[in-house]
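Please keep the structure open while reading.

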Amino acid sequence: MRVLVVEDEPVLADAIAEWLREETHAVDTANDGGAALERLSVNDYDVVILDRDLPIVHGDDVCRELVASESTARVLMLTAAGEIGDRVTGLSLGADDYLAKPFAFAELAARVHALGRRCRPAAPPVLRRAGLTLDPARREVFRAERYVPLSKKEFAVLAELMRAEGAVVSTEQLLEKAWDENADPFTGVVRLTVLKLRRKLGDPPVVLTVPGSGYRIP
């Protein structure tokens, strides 16, 4: 998934981002509400982790603008204001979930996973296609009975292709979902990742190139 972490404490924002990257998510960060709105205007996020007490533009206003834009991104408010009244206010603004600080990283990751499932069409917990089995929870891939060790990016790309259920996934879509905003779209990083993925999955090839369009698993 593509996740935006909006937190005015850079150390905490970076820590959350690194934790979620270990879960194979693509993560961007913003340290104020203005930067968050700028990123939201150009990137398509699945989940936004949003602090409320932000400089420049308050987190409540970021949430209001996101809801008004009819974005499909799910909002998890992460804030020190954890009283019942604060939770009610946050949810009434349009947030989908609310987690008070201090928090456990494992719980935050679980909530992000849950919200991510809600922003996509329902998918089985274990994906199967073309002789491949991909378990997102265990982050394991098998071809027939053979375990296939993949890097985080290779796993993320394969997951997107398998979720497409045979449809073509463009290079732009893969960049959007598997890489953060620091990825250079002109480096050929998607093509190189797909080449490595094919090599690890073995023959016959299951990830097909559709010239001028992208990739698919038939």
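Predicted model: local features only at pLDDT ≥ 70, side-chain atom pairs only at ≥ 80, totals over all residues.

The protein chain holds eight helices and 11 strands. A search of the whole structure turns up 17 salt bridges.

**Overall build**
- The C-alpha trace spans about 55 × 35 × 30 Å along its principal axes.
- Of the 218 residues, 45% are buried.
- Take contacts between residues at least 6 apart in sequence: 61% of these join residues at least 24 apart.

**Surface and charge**
- The protein chain exposes about 10,900 Å². Carbon and sulfur atoms supply 54% of that area.
- The chain carries 28 positive and 35 negative charges. Their mean positions lie 10 Å apart.

- E7 and K101 form a salt bridge through their side chains, at 2.7 Å from N to O.
- E7 sits in the loop between β1 (2-6) and α1 (10-22), while K101 sits in the loop between β5 (97-100) and α5 (105-118), so this pair ties together parts that are 94 residues apart in sequence.
- E7 has 1% relative accessibility; buried means under 20%, so E7 counts as buried.
- K101 is partly exposed, at a relative accessible area of 21%.
- K101 also meets D51 in a salt bridge, at 3.7 Å from N to O.
- D51 lies in the loop between β3 (47-50) and α3 (59-68), so its pairing with K101, in the loop between β5 and α5, ties together parts that are 50 residues apart in sequence.
- D51 counts as buried, at 4% relative accessibility.

**R111 and D97**
- R111 forms a salt bridge with D97, and their closest N and O atoms are 2.8 Å apart.
- R111 belongs to helix α5 and D97 to strand β5, so the bridge ties together parts that are 14 residues apart in sequence.
- R111 is partly exposed, at 23% relative accessibility. D97 counts as buried, at 18%.

- R2, D28 and E176 belong to one network, joined by salt bridges that share partners.

Key. Residues numbered from 1 in each chain as written. Heavy atoms only, no water. Salt bridge = Lys/Arg side-chain N within 4 Å of Asp/Glu carboxyl O. Helix = DSSP H or I, 4+ residues; strand = E, 2+ residues; numbered from the N terminus. Buried < 20%, exposed > 50% of the residue type's maximum accessible area, 1.4 Å probe, protein only. Contact = heavy atoms within 4.5 Å. Areas by Shrake-Rupley, 256 points an atom, 1.4 Å probe, with all protein chains shown as cover. Lys, Arg positive; Asp, Glu negative; His and termini not counted. Charge placed at Lys NZ, Arg CZ, Asp CG, Glu CD.
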